[in-house]
Amino acid sequence: MIQDTFIIEEKPVKLPTVRREVLLNPGPATTTDSVKYAQVCPDICPREKEFGDVMEWICGELSLMAGKPGRVETVLFGGSGTAADEVMISSCVPDGAKLLIIDNGAYGERFAKIAAVYKLNFEVYKSSGFAPLDCEAVKAKLLAEGFTHCALVYHETTTGLLNPAPELCRFCHERGITAIVDAVSAFAAIPIDMDEDGFDFMASTSNKNIQGMAGVGFVFCRKEALEKTAAYPMRNYYLNLWDQYAHFMKTRQTRFTPPVQSLYALRQAIIETKSEGIENRYARYVSCWDILVKAVKKLGLSMLVPEAVQSKLITAIIEPASPDYSFEALHDLARAKGFTIYPGKLSGANTFRIANIGDIRPNEMAAFTTLLEEYMRSIGQGKGAAE
Ligand SMILES: Cc1ncc(COP(=O)(O)O)c(C=O)c1O
């Protein structure tokens with residue numbers, strides 16, 4: 001195996017490279033070898049101060065990626081993105097509140113399912129999974145019907161639709177409506193400042209744009225909004241925001257066993273995110289997206305979401321009409337060459353989805369598009385287009 005030098009915890013280490021797999025599914029995303037290797041570390045009891053320091057550093061650095069110094073608290077949970085979403089819905093809406101959930105994809109719908117489980121007083125604002133959200137209509141509804149809380153998904157990974165979360169949340173903030181945002185697939189690619197964007201609570205996870213391993217869910221909180229939750233009912237145990245926060249502040253420990261190795265990987269992923277910079281990361285992602293979209297257009301394929309409201313982080317491509325098309329065949333062809341692609345999801349259209357998040361490079365996306373072209377031409381798609 002090839003020996004390579006990785007910078008782990010800022011020290012050079014010689015290690016074999018890991019077989020390269022490029023994940024074009026929307027997370028868990030491709031990671032660097034240095035993130036993978038950061039998990040190989042001495043055993044440690046997570047109740048040791050040394051590990052508390054690691055978690056405190058992680059929380060501090062994540063907070064700085066979501067707002068100005070001193071403005072945001074990050075609370076970590078062992079769990080996936082859905083756990084972080086469930087923390088927000090169950091812990092941030094007091095009794096007597098009225099919650100509006102915007103559903104324009106699978107993750108908005110999931111918010112509503114969680115709210116129903118907790119029997120919250122909520123209503124769903126259903127909108128198209130691919131057309132832009134009518135922000136003015138949502139604002140009017142929020143005011144006319146006296147909602148106190150509003151929950152939405154920043155980037156609907158279902159289709160790649162980017163919702164106008166800052167515009168809507170700033171509106172909410174000015175009117176005292178608490179804004180709850182699922183930024184699971186937006187954070188660490190799209191620059192966010194929770195104060196400027198009006199977000200009160202925001203969820204994300206270790207395995208998407210931050211480019212770490214799965215296993216850590218995080219809830220970012222504007223300080224004043226978090227303080228209020230101390231008095232809210234405790235509707236669950238493991239996923240309670242205030243309990244987790246207060247315990248960590250007192251002890252520098254999580255209440256329950258944390259995903260130790262995923263946290264070491266997350267520390268490395270944060271170091272690498274800081275070194276690349278979130279804006280540069282998004283620029284790299286967009287370079288990959290540009291290559292993909294050029295190939296899609298050349299093949300005469302269409303995208304589900306209008307370009308103006310696409311996140312440029314994942315693209316839902318409408319399947320070709322040819323009866324010879326098979327997602328499985330395309331998947332298997334790509335998989336054999338080290339690329340994993342993903343089927344479409346919901347929103348009433350037959351699509352397949354290509355994500356361009358994670359540690360992927362433009363040359364890798366170019367190699368994938370060569371395969372895509374090869375497959376599409378084999379079923380007669382893109383005939384007449386320049387070879
Ligand atoms: C926007 C969004 N929210 C929530 C989730 C759920 O995350 P998980 O599958 O890690 O629970 C995802 C996963 O893709 C997502 O994209």
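Visitor: What share of the residues counts as buried?

Guide: In this predicted model, 57% of the 387 residues count as buried.

Visitor: And how many helices and strands are there?

Guide: The secondary structure comprises 13 helices and 16 strands. The radius of gyration is 21 Å, close to the 21 Å from the globule rule for 387 residues, so the protein is as compact as a globular protein of that length.

Visitor: What does the C-alpha trace span along its principal axes?

Guide: The spans are about 65 × 55 × 30 Å.

Visitor: What fraction of the contacts joins residues 24 or more positions apart?

Guide: Among contacts with a separation of 6 or more, 69% are between residues 24 or more positions apart.

Visitor: Let us turn to helix packing. At what angle do α5 and α6 cross?

Guide: The axes of α5 (residues 135-144) and α6 (residues 165-174) cross at roughly 20° and come within 10 Å. An angle under 35 degrees counts as roughly parallel, and α5 is therefore roughly parallel to α6.

Visitor: Is that crossing left-handed or right-handed?

Guide: The crossing of α5 past α6 is right-handed.

Visitor: Which residues meet there?

Guide: From α5, the contact involves C135, E136, V138, K139, L142 and L143; from α6, it involves E167, L168, F171 and C172. By class, the contact of α5 with α6 has 7 nonpolar and 3 charged residues, and no polar ones.

Visitor: Now the backbone. Is the peptide bond from G27 to P28 cis or trans?

Guide: The bond from G27 to P28 is cis, and its omega is near -5°.

Visitor: Where is P28 found?

Guide: P28 is in the loop that runs between β3 (22-23) and α1 (33-38).

Visitor: What about R252: is its phi positive or negative?

Guide: Phi of R252 is positive, near 60°, in a residue other than glycine. R252 belongs to the loop between α9 (241-251) and α10 (260-276).

Visitor: Why does R252 count as partly exposed?

Guide: Its relative accessible area is 28%. Buried would require under 20% and exposed over 50%, so R252 is classed as partly exposed.

Visitor: And K312, what is its phi?

Guide: K312, also a residue other than glycine, has a positive phi near 65°. K312 sits in the loop between α11 (278-298) and β13 (314-318).

Visitor: How is K312 classed for accessibility?

Guide: K312 counts as partly exposed, because its relative accessibility is 26%.

Conventions
Residues numbered from 1 in each chain as written. Predicted model: local features only at pLDDT ≥ 70, side-chain atom pairs only at ≥ 80, totals over all residues. Heavy atoms only, no water. Axes fitted to C-alpha atoms, helices over the stretch in contact; angles between N-to-C directions. Helix = DSSP H or I, 4+ residues; strand = E, 2+ residues; numbered from the N terminus. Parallel < 35°, antiparallel > 145°, perpendicular 65-115°, else oblique. Left-handed = near helix turned anticlockwise from the far one by under 90°. Contact = heavy atoms within 4.5 Å. Nonpolar A, V, L, I, M, F, W, Y, C, P; charged D, E, K, R; others polar. Rg over C-alpha atoms; globule rule 2.2 N^0.38 Å. Buried < 20%, exposed > 50% of the residue type's maximum accessible area, 1.4 Å probe, protein only.
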